[in-house]
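Take a walk through this structure, one contact at a time.

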There are 2 protein chains.
Amino acid sequence: MAETILTAERILEAAEEVLRRYGPAKATVVDVARALGVSHGSVYRHFPSKAALRDAVTERWLARVSAPLAAIAAEDGPAPARLRRWLDALIGAKHAKVLDDPEMFATYMTLAADAREVVAGHVAALTADLARMVADGVAQGVFAAADPQATGRALLDATARFHNPAHAAEWSDPGIAAAFEGVWTLVMRGLETRKG
Amino acid sequence: MAETILTAERILEAAEEVLRRYGPAKATVVDVARALGVSHGSVYRHFPSKAALRDAVTERWLARVSAPLAAIAAEDGPAPARLRRWLDALIGAKHAKVLDDPEMFATYMTLAADAREVVAGHVAALTADLARMVADGVAQGVFAAADPQATGRALLDATARFHNPAHAAEWSDPGIAAAFEGVWTLVMRGLETRKG
DNA sequence: CGACTAACAGATTTCAATATCTGTCATCCG
DNA sequence: CGGATGACAGATATTGAAATCTGTTAGTCG
């Protein structure tokens, strides 16, 4: 299997492993090439720069987060429960990642800070999921929202403390779950259609 | 004036100036003492450690932010407008600080990261302001909230993107004001009493 | 011919020596 | 005697020379 042809995919695999081992500060293109048994020049045939390689690693990682969420957003059934499931999945996935591999999480935070464009795409995908569920809720007559896209974004922003990595240090706070319930209650009340 | 007796207050003043000049990484207790024309041993008569001195500087800074907010929270009049004024003041103050002295803002972010307890007190003060306004709104019959304290905290959390320094990099985004309006609309709708 | 290598220039990082800092304390001064 | 000093030990930071890395390209190999 070491005889396989060198592909972008194999390079990404090796880059992820090298990042896991050495961390973002010490992982070099030379290390990645060494792990693959090729010269570092070969890596530059597939990625124009170290930054591009890191961006691609980041994109893969974010895709693994957003794929299952898109599946939830696309489900049938009542929008409110689906929205809750989606948020629980997003928040649960993030919290689990910090818990069971804090160093790798810190590594990805560093990568993401340098990959603003890739992150913007990820945020757009999440917003689209939320907008879809809001629109579904409006169609079902359970949500009131003039602009589902804007409301989707508002939901993402309002819950930032619970899923945005910038707040990761707060996730070990014992009151974090209660705090999320507080925000959930508030925004659900803001989303619901009025009775009477 | 250089003949004034050495007080904690004068040390804090000098420490702030030294931090402004050298930044958090290079500012030393020796620098502070030098600025005051005393030996660094004298500084340790007033503060038990460099960390305690930094904490005190941080506390002063946070107090300058929260004092005007407490005044707004304590005003009379309709709670919704007051709440909006309070949030505008908080967000406006933070954004102004980054805009007109980004380096000092970064310095304070570094200090705050090491002064978790002091920051917790600041957050508690802000939450108390919000809880008070929510409770006032309930008394005025314009807000519905079972637990004003929890709802106050939910408001702070839901608006974190717009005032928490961890998000400072996003504040130059041209869409940030619109994003705040989106969250404001959503949470106000969640706060209002239901008609009919 | 096309994937890969290897050598290179300039930029960045590492490492160990040197200098500075933190926190303490015996001592000094008014 | 209360407030300040300055010298000290151990920890931390700075510095500059040497090593390594990034990105390019001329050239090798199948």
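A:Asp101 and A:Arg20 form a salt bridge, with their closest N and O atoms 4.0 Å apart. A salt bridge here is a side-chain nitrogen of Lys or Arg within 4 Å of a carboxyl oxygen of Asp or Glu. The pair links distant parts of the chain, 81 residues apart. A:Asp101 sits in the loop between helix H5 (79–100) and helix H6 (102–113) of chain A, while A:Arg20 is in helix H1 of chain A. Helices (H or I, at least four residues) are DSSP runs, numbered from the N terminus. Over all chains, the structure holds 31 salt bridges.

A word on the ground rules. This is a predicted model, in which local features need pLDDT of at least 70 and side-chain atom pairs count only at pLDDT 80 or more, while totals for chains, interfaces and linings use all residues. Residues are numbered from 1 along each chain as its sequence is written, chains are lettered from A and ligands numbered from 1 in the order in which they are written, and side-chain values use heavy atoms, with hydrogens and water left out.

Now look at chain A as domains. Its domain assignment, a kind that comes from an automatic or database source, gives domain 1 (1–47) and domain 2 (53–191). The C-alpha centres of these two domains of chain A lie 31 Å apart. Where do they touch? In chain A, 13 residues of domain 1 are in contact with twelve residues of domain 2; contact means heavy atoms within 4.5 Å.

Between them, domain 1 and domain 2 of chain A bury about 1100 Å², 64% of it on carbon and sulfur atoms. Buried area is the accessible area (1.4 Å probe) that two parts lose on being put together, summed over both. On the domain 1 side of chain A, A:Glu16, A:Leu19 and A:Pro24 lose the most area to domain 2, together 49% of what that side buries.

Five salt bridges are counted between domain 1 and domain 2 of chain A. A:Glu13 and A:Arg60 meet in a salt bridge through their side chains (3.3 Å, N to O). Helix H1 (residues 8–26) of chain A gives the largest share of the domain 1 side that touches domain 2, ten residues.

Next, bring in the second chain. Chain B can be laid on chain A by a turn of 180° and a shift of 0.0 Å along the axis, with an RMSD of 0.0 Å. The two copies are thus related as by a two-fold rotation axis. Copies are superposed by least squares on the C-alpha atoms of residues with pLDDT of at least 70 in both.

How do the copies meet? Of the interface residues of chain B, 97% are also interface residues in chain A, so the copies meet through the same surface. The contact takes 29 residues from chain B and 28 residues from chain A. About 2100 Å² is buried between the chains B and A, and carbon and sulfur atoms give 55% of that area. In chain B, B:Leu186, B:Arg189 and B:Arg194 lose the most area to chain A, together 32% of what that side buries.

Four salt bridges cross the interface of chain B and chain A. A:Asp157 forms a salt bridge with B:Arg161, the closest N and O atoms being 3.1 Å apart.

Conventions. Helices (H or I, at least four residues) and strands (E, at least two) are DSSP runs, numbered from the N terminus.
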